[in-house]
Amino acid sequence: MQVGFIGLGNMGSAIARNLIKAGHAVTVYNRTLAKAEALKGEGAAVARRPAEAARGAVVITMLADDAAVEAAVFDADGILGALSSGAVHVSMSTISVALSQRLAAAHAKAGQTYVAAPVFGRPEAAAAAKLFIAAAGPAKAIATCQPLFDAIGQRTFVIAEEPVKATLVKLSGNFLIAAIIESLSEAVALTRKAGIDPKTYIEFLTNTLFAAPIFKTYGGLIAAEQYSPAGFAAPLGLKDVRLALAAAEAQQVPMPIASLVRDHLLTVIAQGGADLDWSALGQLAARNAGLPVK
Ligand code: NAD
């Protein structure tokens, strides 16, 4: 399939690579051209503007945040003005509910289709084509995109016809991950201060009642105090918890744990941890407990 791909960060580069490997004709765009050029040797065509990547049946965006997606779609040389009638924009970024609604309306007005398909899984999962995709949009558009989803993920869950519902599934899921990282951080600080080896502790948890991938991944990172390089940087985690809180406020749903985690992520960043993984909540909990940190 002729497909455009915009945003070649930690996640996007791996996803675009898997689309190429699966035999799709991929045109890539990235703000920093070098990252796009790096995929040339693997068979990608390189676009100089987002509009040039939006000439096929589908264009995918995997950009950092709302501001980046807004620029790529609504700017003069953006997707909206270039995508042909009937073509599909798939947004895989974790963005706000408000922007997801705006995108659905703008694409519909232009005779185009918007699909929200945020993903679960870190860059390692993206590289291994093992992402989980939460997709929402018109059934016909999801069917068009399914071969692309199959090339990058292990399973696609169709949430609903309204794209915004997948956006909310993603935001609520990331809130849950953040809450688990915070809880693990506090539990590890408590046991570590009492002289229990963190690796032994996590080994016990994840082989008994807490055998889920989230506990294994983040328990391992916290026990090893391995917060760099970031697979998912603290500012992106803060963004997602903030967006979950905004969605919650719009629906009058109090989320006190989300509020606490927001402040702790902000503390990590304020104390110089902007380049650290969001699991650096573990470092903050250790520091707050008066423990030495690496
Ligand atoms: P990243 O920071 O590595 O890459 C972000 C990309 O956005 C880069 O290509 C950058 O050039 C581009 N960008 C940023 N601001 C821009 C702007 N104003 N204009 C144009 N381009 C701009 O981020 P990532 O880890 O690849 O994450 C991408 C998206 O996927 C985010 O929404 C993130 O929340 C989500 N996500 C990340 C993970 C993860 O574990 N890293 C997992 C699931 C979802």
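Author: Gladly! Let us begin with a definition: a cavity is a set of grid points where a 1.4 Å probe fits but cannot get out, and lining residues have an atom within 4 Å of a point. Keep in mind that this is a predicted model.

Reader: What makes a residue part of the lining of the largest cavity?

Author: An atom within 4 Å of a cavity point is what counts. Ser91, Ser93, Thr94, Ile95, Ala116, Pro118, Thr167 and Lys170 line the largest cavity. That lining divides into three nonpolar residues, four polar and one charged.

Reader: How many cavities of 30 Å³ or more does the search find?

Author: Searching the whole structure turns up one. The volume of the largest cavity is about 30 Å³.

Reader: And how can anyone tell where empty space is left?

Author: Rolling a probe the size of a water molecule over the atoms shows it.

Reader: Next topic: why is a set of residues called a nonpolar core?

Author: Because its members are buried residues from a list such as Ala, Val, Leu, Ile, Tyr and Trp, joined through side-chain atoms within 4.5 Å. The largest such core here has 36 residues, and those with the most contacts inside it include Ile181, Tyr218 and Trp278. Helices 8, 9, 10, 11, 12 and 13 each supply at least two of its residues. With nine residues, helix 8 gives the most.

Reader: Which residues does isoleucine 181 touch?

Author: Leaving out residues up to four places away in sequence, isoleucine 181 touches Tyr218, Ile222, Trp278, Ser279 and Leu281.

Reader: Why does glutamine 252 count as exposed?

Author: Exposed means over 50% relative accessible area. Glutamine 252 has 74% relative accessibility, so it counts as exposed. Its place is in the loop between helix 11 and helix 12. Glutamine 252 also has a positive phi of about 55 degrees, although it is not a glycine.

Reader: Where does glutamate 225 lie, and what is its phi?

Author: Glutamate 225 lies in the loop between helix 10 and helix 11. Its phi is positive, about 50 degrees, and it is not a glycine either.

Reader: Is the peptide bond from serine 228 to proline 229 cis or trans?

Author: That bond is cis, with omega near -5 degrees. Proline 229 is also found in the loop between helix 10 and helix 11.

Notes. Residues are numbered from 1 along each chain as its sequence is written. This is a predicted model: local features need pLDDT of at least 70, side-chain atom pairs count only at pLDDT 80 or more; totals for chains, interfaces and linings use all residues. Side-chain values use heavy atoms; hydrogens and water are left out. Buried means under 20% relative accessible area, exposed over 50%, partly exposed in between (1.4 Å probe, protein chains only). Helices (H or I, at least four residues) and strands (E, at least two) are DSSP runs, numbered from the N terminus. Contact means heavy atoms within 4.5 Å. On a 1 Å grid over the protein atoms alone, a cavity is a set of points where a 1.4 Å probe fits but cannot get out, and a pocket is an open set with protein on both sides within 12 Å along at least five of seven lines; lining residues have an atom within 4 Å of a point. Grid points are joined across faces, edges and corners, and a volume is the space filled by probe spheres set on the points. Ala, Val, Leu, Ile, Met, Phe, Trp, Tyr, Cys and Pro count as nonpolar, Asp, Glu, Lys and Arg as charged, and the others, Gly among them, as polar.
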